[in-house]
Amino acid sequence: NGNLMFMTCEGCEWGGPMGGVHRLWKSNGTLPGTVPLKTFAGWPQLDIFFPPDSMDPDDYYMLGQVLKYLMPFREMVNVNGMFYFPANDGVHGVELWKSDGTAAGTLMVKDLSPGILPSMPISMAKFNDALYFSACQLDEEMGEPQCGLWRSYGTELTTTLIRPFFLPPISLQVVGTNLYFGGCGEYPTPDPEDYDEACGLWLSNGTPEGTLPVYSVDPDYGFPLPPLFPTTMNGMLYFSACWPHSFLEDSGTCAVWQSNGTAMGTHPVMPSSPYGPAFSYPPTFLTPLDGRLYFNACDSYDTTPAPCYLYEFDPAIPWGWNTIWPAWYGDWPPEDGYGMGFLSPFVFGPSWMTAFGGDLFFGGCSWDGGLYDCGLWQVPFSKGYYDAYPIDYKWPSGYELPFWPAYQLTPLNGRIYFGAGS
């Protein structure tokens with residue numbers, strides 16, 4: 001209804017949802033119209049959900065990276081005027097909640113795990129006028145979590161399991177008439193009494209029998225994490241993925257992938273030169289704009305901070321990838337097109353990329369002679385420029401954290417709303 005819904009956290013760890021006090025807010029873009037709706041408790045530590053001694057150390061590390069990418073502050077989905085999000089009221093653990101924009105209309109949908117045990121709905125999407133999400137049922141008598149893909153029409157009775165999985169499915173993305181996601185689970189074979197296991201990219205038409213693997217990977221060759229940062233462009237699915245253990249071994253085997261919904265049509269679009277670079281970190285914040293794909297990727301663990309770049313990929317051009325550099329022109333906007341040179345690569349971001357008005361906006365920090373240029377950045381394609389320019393920046397003292405780039409960029413009613421600090 002023209003309002004912005006968002007979460008804040010007081011006392012949370014940087015980059016994660018653990019601890020602190022969470023608050024749900026509503027804003028119409030004015031100070032008087034920005035009001036809190038409900039206060040929640042913080043999230044439990046990851047150890048409570050998946051004890052390290054119950055998992056392979058590498059798998060535990062990977063899961064921790066996934067949960068940090070999928071912060072709860074990003075997981076708010078509007079389904080027909082109702083906002084869905086994960087929250088912890090301190091009694092039921094982290095469960096699925098909904099809000100109609102009023103305090104009285106902010107309610108828990110269903111307590112999937114009894115009592116304080118969390119179900120952790122960490123990935124959500126609107127599909128076929130319903131909410132689809134990932135969650136795990138926990139029970140002290142169960143032992144390991146029972147995870148799966150769920151569907152909800154907003155009530156306890158209409159919140160049901162579509163298909164179970166070994167780990168929580170993540171990165172839900174709608175493309176056409178299918179819902180894509182990453183997961184590890186069983187699927188039926190031609191023998192009605194036999195099942196195979198598949199880890200990789202899945203799709204669903206919203207039914208148990210229509211939830212099937214698209215691209216199943218051998219753990220020695222495929223990506224170890226389910227797809228991250230999915231998006232859709234020109235009827236195709238694009239996502240970020242890595243080969244096994246590239247996080248830990250610095251093997252430079254993360255890339256942007258694409259899929260048309262078939263195994264043959266699922267492959268890296270930027271595996272190595274001349275088709276494009278491969279990375280040590282997974283590419284993040286994949287954002288389509290005018291038939292091109294933009295994303296952030298960082299090169300190596302060998303330097304601190306690791307250099308990060310804003311990349312452009314054009315599927316219509318052979319070898320269609322390009323690097324967009326941060327530039328500094330003294331004044332914004334640049335008047336004559338002649339600047340004072342380029343800054344170094346980004347050391348934080350580009351993150352929370354958003355296409356708006358034909359331009360690309362994002363938060364980030366670039367290193368410039370001993371100081372971080374942090375804030376809100378813009379690539380003004382609409383004005384004929386193809387470099388990134390800082391719109392507003394902060395100057396933290398020396399080299400110390402925290403960085404304060406713009407984050408959670410959200411277009412609404414002809415404006416961009418974002419979080420920032422000084």
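Strand S21 (residues 292-298) pairs with strand S22 in the antiparallel sense over six bridges. Two strands count as paired if DSSP finds at least two bridges between them, and strands themselves are DSSP runs of E with at least two residues, numbered from the N terminus. Tyr294 has Glu312 in S22 as its bridge partner. On S22 there is a second pairing, with strand S23 (residues 321-324), antiparallel over four bridges. Here Phe313 stands opposite Trp321 in S23.

This is a predicted model, in which local features need pLDDT of at least 70 and side-chain atom pairs count only at pLDDT 80 or more, while totals for chains, interfaces and linings use all residues. Residues are numbered from 1 along each chain as its sequence is written, and side-chain values use heavy atoms, with hydrogens and water left out.

## Burial of S22

Six of the six residues of strand S22 (residues 308-313) are buried, so the strand is largely enclosed by the rest of the structure. Buried means under 20% relative accessible area, exposed means over 50%, and partly exposed lies in between (1.4 Å probe, protein chains only). In a regular strand the side chains alternate between the two faces of the sheet. In S22, Cys308, Leu310 and Glu312 point one way, and Tyr309, Tyr311 and Phe313 point the other way.

## Nonpolar cores

The largest nonpolar core has 43 residues. Such a core is a set of buried Ala, Val, Leu, Ile, Met, Phe, Trp, Tyr and Cys residues joined through side-chain atoms within 4.5 Å. Among the residues with the most contacts inside this core are Tyr294, Leu310 and Phe362. Leaving out residues up to four places away in sequence, Leu310 touches residues including Phe295, Ile324, Met353 and Val379; contact means heavy atoms within 4.5 Å.

## Salt bridges

Side chains of opposite charge can pair when their charged atoms come close. The whole structure has two salt bridges, a salt bridge being a side-chain nitrogen of Lys or Arg within 4 Å of a carboxyl oxygen of Asp or Glu. In one of them, the closest N and O atoms of Arg292 and Glu312 are 3.9 Å apart. Arg292 is in strand S21 and Glu312 in strand S22, 20 residues apart.

Asp314 also forms a salt bridge with Arg292, with the closest N and O atoms 3.5 Å apart. Asp314 lies in the loop between S22 and S23, so this pair ties together parts that are 22 residues apart in sequence. Arg292 is partly exposed at 31% relative accessibility, whereas Glu312 is buried at 12% and Asp314 is buried at 8%.

## The sheet S8-S9-S10-S11

Four strands form an open antiparallel sheet in the order S8-S9-S10-S11. Strand S8 (123-127) and strand S11 (160-165) stand at the edges with a single partner strand each, so one side of each has no neighbour in the sheet. Neighbouring strands are turned by 25° against each other on average, direction ignored; the angles are taken between axes, which are lines fitted to C-alpha atoms, and run from 0 to 180 degrees between N-to-C directions. Strand S9 (residues 130-137) and strand S10 (residues 146-152) are joined by seven bridges, with Ala135 opposite Gly148.
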